[in-house]
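Have the 3D view open as you read.

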Amino acid sequence: MVPELRKRHRIIWQIGSVLLCLGFAAAVWVLPQPVTQTQAFQKIDPPLPRILDTQESEELTINLRGDSTIGTQLEFIIKEPLAQPVAQLYWQYTFIGVLGPKGTQRFPISGARLAKAPYFLQIVNPFEKTGIQKFNFNP
Amino acid sequence: MSVNYTTVQWNRQKRRYDRIMGGIIALYLLTFTLLQLAFYPLISPETLIIRATGTLAFIMLQFILCIGPMARLDHRFLPLLYNRRHLGVTTFLIGAVHGIFNIIQFHSLGYVDPIFSVFASNTHYGSLQDFPFQVLGFFALLILFLMAATSHDFWLKNLSPRWWKSLHMLVYLAYGLLVFHVMLGAIQLEQSPMWIGFVGFGLFTLISLHLMAAGVEKKRLQEQMDKAAVGEGFYQVCSAEDIPENRAKMVYLEGQNIAVFRYDGKVSAVNNICRHQHGPIGEGKIVDGCITCPWHGYQYLPQNGQSPPPFTEKLETYDVKIVDGMVWVNPTPYPEGTERPAAIIQA
């Protein structure tokens, strides 16, 4: 190889090595990070010992559980997913949470919402602003 | 070496070289296919072809670029250099299969021209993470096509060695484009540490080999300049015993790149640059009385630098003398093909 050509090779590789290494490092730097799944809902509360009332539908079993010392909770056992993408829960016209796609969920009910039976639970589709299901509890 | 147009000047070595190359390629494709089927049983034939040819072409280009510095660092690698052009053309063909299948699979089902789609389907040119990496592969393939299309000696003669070599040095640009094509494409999708490791290792090896070879050459030339003793226009370059029989000592004196050959009890000096592709004559050896370039076998007579008839290539020659067993060279060149008396080594 001609010395002039050899010098050109040397210069190309000296500059090229810096550029290639920087580019390689940059490409590794921008690698997408693994997606971390956030929990869809909080850890489920343990069930309270006594069932005060139960309501059933095709998709749900809903237990009103209570204990005079600890408090009251609403337990949803989801037998089949609802057809609606999102289902909001309203107890006595107050929002208490969102129903998930499967499994069991429990929501605490504050004492103020248990002052006078019967109690009214509505499951609402927030996008269409329509009620999906309604239940009455009379323990 | 040719006086007339010849498609490919086949010889036994070239056929052997190509057979080994073909065998290794077939073995790689078979192994890769079996591994892909084992790990991805539902893989489609198109995807399998795209992956197999893409990885193979990248590995082959990496290997081709390693051959030059390996041969300069250790002459035992010189046989790999001999038919590097066939390796390069094969790499282009395999890369072209990869490119064509990609365009068919990802760009041929839309409303726009498939080639236009390569450039327009992803326009995140300002983003590193979402950069349209296929464009990089497209330009790399274009460079490899230019190189493959002009690889024949016909083009070497018509473009001149200087322009031909400059054109073919674009391979370094093609390699850089392909590194980013892989890093911003497949690696961003796969994110596998193993693949990042493979690309990084290859890059590190290639850079190291080229920088090492450049450093060694520079040091060698400097040492020669430092050692050379001067007298009456002659430089003392080495002892006659330092040159193995039928081999050469390469020296760089006053801007002249000279190969000093020892043969049949004599010493002659010719220019070290082959007229074919500027290969290093001095790394070759004397075969059948002719200096034979290690790159592609071009031949010259040591006493006058002329190629044996009917060939017409010629090298510059230099005066040589031996005093007390030491070889002295005058770096003033004689016109190409000028006969100069060889210096006789005293027993």
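The largest cavity holds about 580 Å³ of space. Keep in mind that this is a predicted model. In total, the structure has two cavities of 30 Å³ or more. Which residues sit nearest the centre of the largest one? They are Ile64(B), Arg84(B), Met147(B), Lys165(B) and Val171(B), out of 31 lining residues. Both chains take part in that lining: α1 of chain A gives two or more residues, and so do α2 (45-73), α4 (84-107), α6 (133-149), α8 (161-168) and α9 of chain B. The top contributor is α2(B), with six residues. Sorted by class, the lining has 16 nonpolar, nine polar and six charged residues.

The second largest cavity comes in at about 40 Å³. Its lining includes Val267(B), Ser268(B) and Ala269(B), along with Pro302(B), Gln303(B), Thr317(B) and Tyr318(B). Two strands of chain B, β5 (266-271) and β9 (317-323), supply at least two lining residues each. By class, this lining splits into seven nonpolar, three polar and one charged.

## A pocket in chain B

Now for a space that is open. The second largest pocket has a volume of about 990 Å³. Of its 29 lining residues, Tyr17(B), Leu78(B), Pro79(B), Leu80(B) and Tyr82(B) lie closest to the centre. The elements that give two or more residues here are α1 (12-39), α2, α3 (78-82) and β6 of chain B. Among these, α1(B) gives the most, with nine residues. The class count is 18 nonpolar, six polar and five charged.

| Space | Volume | Lining by class |
|---|---|---|
| Largest cavity | about 580 Å³ | 16 nonpolar, nine polar, six charged residues |
| Second largest cavity | about 40 Å³ | seven nonpolar, three polar, one charged residue |
| Second largest pocket | about 990 Å³ | 18 nonpolar, six polar, five charged residues |

## Rings and charges

Over all chains, the structure holds 14 aromatic pairs. One of them is Trp13(A) with Tyr172(B): the ring centres are 5.2 Å apart and the planes stand at 70 degrees, so this pair counts as edge-to-face. This contact crosses between chains, going from helix α1 (residues 3-29) of chain A to helix α9 (residues 171-184) of chain B. Are its two partners buried or exposed? Trp13(A) and Tyr172(B) are both buried.

Another pair, Trp91(A) with Tyr119(A), is tilted, with 5.4 Å from centre to centre and 40 degrees between the planes. Trp91(A) belongs to strand β4 (residues 87-91) and Tyr119(A) to strand β7 (residues 119-125), so to speak a link between distant parts of chain A, 28 residues apart. Trp91(A) and Tyr119(A) are both buried.

Back in chain B, look at Lys321(B). Its charged end sits over the ring of Phe234(B), 4.4 Å from the ring centre. The charged end of Lys321(B) also sits over the ring of Trp328(B), 5.9 Å from that centre.

Chain B has an open sheet of three strands in the order β6-β7-β8, with antiparallel pairing. At its edges stand β6 (285-287) and β8 (299-300), each with a single partner strand, so one side of each has no neighbour in the sheet. Three bridges join β6(B) to β7 (residues 290-292). Within the sheet, Lys285(B) stands opposite Thr292(B) of β7(B).

Most residues other than glycine have a negative phi, and most peptide bonds are trans. Where does chain B depart from this? The peptide bond from Pro309(B) to Pro310(B) is cis, with omega near 10 degrees. Pro310(B) is in the loop between β8 and β9 of chain B.

Two aspartates have positive phi values. Asp264(B) has phi near 45 degrees and is found in the loop between β4 (256-263) and β5 of chain B. At 62% relative accessibility, Asp264(B) counts as exposed. Asp324(B) has phi of about 50 degrees and lies in the loop between β9 and β10 (326-334). Asp324(B) is exposed too, with a relative accessible area of 78%.

Technical notes
Residues numbered from 1 in each chain as written. Chains lettered and ligands numbered in written order. Predicted model: local features only at pLDDT ≥ 70, side-chain atom pairs only at ≥ 80, totals over all residues. Heavy atoms only, no water. Phe/Tyr/Trp six-rings, centres within 6.5 Å; stacked < 30°, edge-to-face > 60°. Helix = DSSP H or I, 4+ residues; strand = E, 2+ residues; numbered from the N terminus. Buried < 20%, exposed > 50% of the residue type's maximum accessible area, 1.4 Å probe, protein only. Lys NZ or Arg CZ within 6 Å of the ring centre and 35° of its normal. 1 Å grid on protein atoms, 1.4 Å probe; cavity = no way out; pocket = protein on both sides within 12 Å on 5 of 7 lines; lining within 4 Å. Points joined across faces, edges and corners; volume = space filled by probe spheres on them. Nonpolar A, V, L, I, M, F, W, Y, C, P; charged D, E, K, R; others polar. Pairing = 2+ DSSP bridges.
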